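Reader: I'm new to reading protein models. Could we walk through this one together?

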Amino acid sequence: MRSIWNGAISFGLVSIPIKLVNATENHSISFRQIHLADGGRIRYRKVCELDEEEVSGGEIGKAYEDADGTMIPITDEDLAQLPLPTAKTIEIVAFVPADRIDPLQMDAAYYLSANGVPAAKPYTLLREALKRSNRVAVAKYALRGRERLGMLRVVDDVIAMHGLLWPDEIRAPQDAAPDGDITVRDAELDLADALMDTLGEVDMDSLHDDYREAVEELVAAKAAGEIVLPAEPDDTGDGKVIDLIAALENSVRAARKSRNAEGAGDGDGDGDSGMADVHPIKKTASKTSGKTPRTTGAEQTTGTAKKTTHRTPTGKTVTRSGSSTAKKSAPKSTGAKKSTSTTKKSAGSAGSAGSRTTAKKTTTKAATKAATKTETKNASKKRTSSSSGGTTKKTAPSRKRASA
């Protein structure tokens, strides 16, 4: 790398000869101005305003323009006579913690290279001292005709210097913050934290200039005579007011999907794991059993009795349902004994279910006594209905045989 400045680092009474090398380079693509009519190159020429003649670089000097427009010539000799101790020296003035330097002051970056074998020892001493102290050095230096402020720190095994703006060159952030008192809710902060966690960290070496690559592809395509199709513009929102919560939720969902897609390779696997699947609700068995009344004989009576016991919580309701069920199922039963036993089982199971339900819902002694009386009355009614149901069932087969 070519050095742009030669001098020395002044570290107290220690002088370290160094060379200044640019640590950064500009990869942006530059364009030339042309005449659209014929493609000719447009150049800027330096012309004197008084005689309107073009002048060369050797005929151009410096001048300071006063407030009234008067030009005050300043020569290189005038500047060389100024008392500038940092003209060829990087003078360290202090050592401070790195967090004392405002990133707003950061400017160009340089590498400081030891100039010659005698500079290796003091150079290494300063480098190791900076490492052990966990501090940076603040220094003054002169470059391109002006004194500047710099910060020295260690990068790998090299001392790097960052040019710093002077404190009075940093503007105050006036009128930059939003107007008014704006309140941010905890839910919005939680979503913002979730988005930050989802995006996670990034390898800085993996970042690159997509725009520059697109410009290079455009130039290559035009040079080859290919037709370049316009790219689809991204949806930037056009400055419209959006629902912040919805935007954050969508951002978190998209970030998770992108992460999952990167992990899966093709993105068609579980990339959308944050979205819930919607399934239809299945009908319960109790409702379905009530819609299939075409079973015959004792099976229909038993199924209906189970349905009555399941859906009616009180004994009184179970008794009426059991009675009506017995009457409806009597003509379709195949034997009197089966129908009678089924009716008795249904009534017994209904009574026990009603008793259990009443015991659960009553919490006082008075309620228990009342429930007992109710159960006694219901039991007598059940026995009456059962006997009547049995008589009906017994006569039914005889009528069938007589008619036959």
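Reader: Thanks! In which helix is the place of L79?

Author: Before that, a quick note: this is a predicted model, where local features need pLDDT of at least 70, side-chain atom pairs count only at pLDDT 80 or more, and totals for chains, interfaces and linings use all residues. Residues are numbered from 1 along each chain as its sequence is written, and side-chain values use heavy atoms, leaving out hydrogens and water. Helices are DSSP runs of H or I with at least four residues, strands are runs of E with at least two, and both are numbered from the N terminus. The run that holds L79 covers residues 76-80, and that's helix α1.

Reader: Is L79 buried, partly exposed or exposed?

Author: Buried means under 20% relative accessible area, exposed means over 50%, and partly exposed lies in between (1.4 Å probe, protein chains only). L79 has 36% relative accessibility, so the label is partly exposed.

Reader: What accessible area do Y64, I72, I74, L79 and L82 have together?

Author: These residues form a nonpolar patch on the surface. A patch takes residues with over 30% relative accessible area and no salt bridge, joining nonpolar side chains (Val, Leu, Ile, Met, Phe, Trp, Tyr) within 5 Å and like charges within 9 Å. A salt bridge here is a side-chain nitrogen of Lys or Arg within 4 Å of a carboxyl oxygen of Asp or Glu. By the Shrake-Rupley method with a 1.4 Å probe, where only the protein chains shown count as cover for residues, the patch comes to about 450 Å².

Reader: Which residue takes a positive phi in the hairpin of β3 and β4?

Author: Look at the five residues between the strands of that hairpin. The phi is near 95 degrees, and the residue is G69.

Reader: How far apart are E128 and K131 along helix α2?

Author: Their side chains form a salt bridge, with the closest N and O atoms 3.8 Å apart. Both sit in helix α2 (residues 120-133), and because they are three residues apart, the separation is about one helical turn.

Reader: Which residue in the loop between β8 and β9 pairs with K131?

Author: This salt bridge has its closest N and O atoms 3.3 Å apart. The pair links distant parts of the chain, 26 residues apart, and the partner in the loop is D157.

Notes
Pairing = 2+ DSSP bridges.
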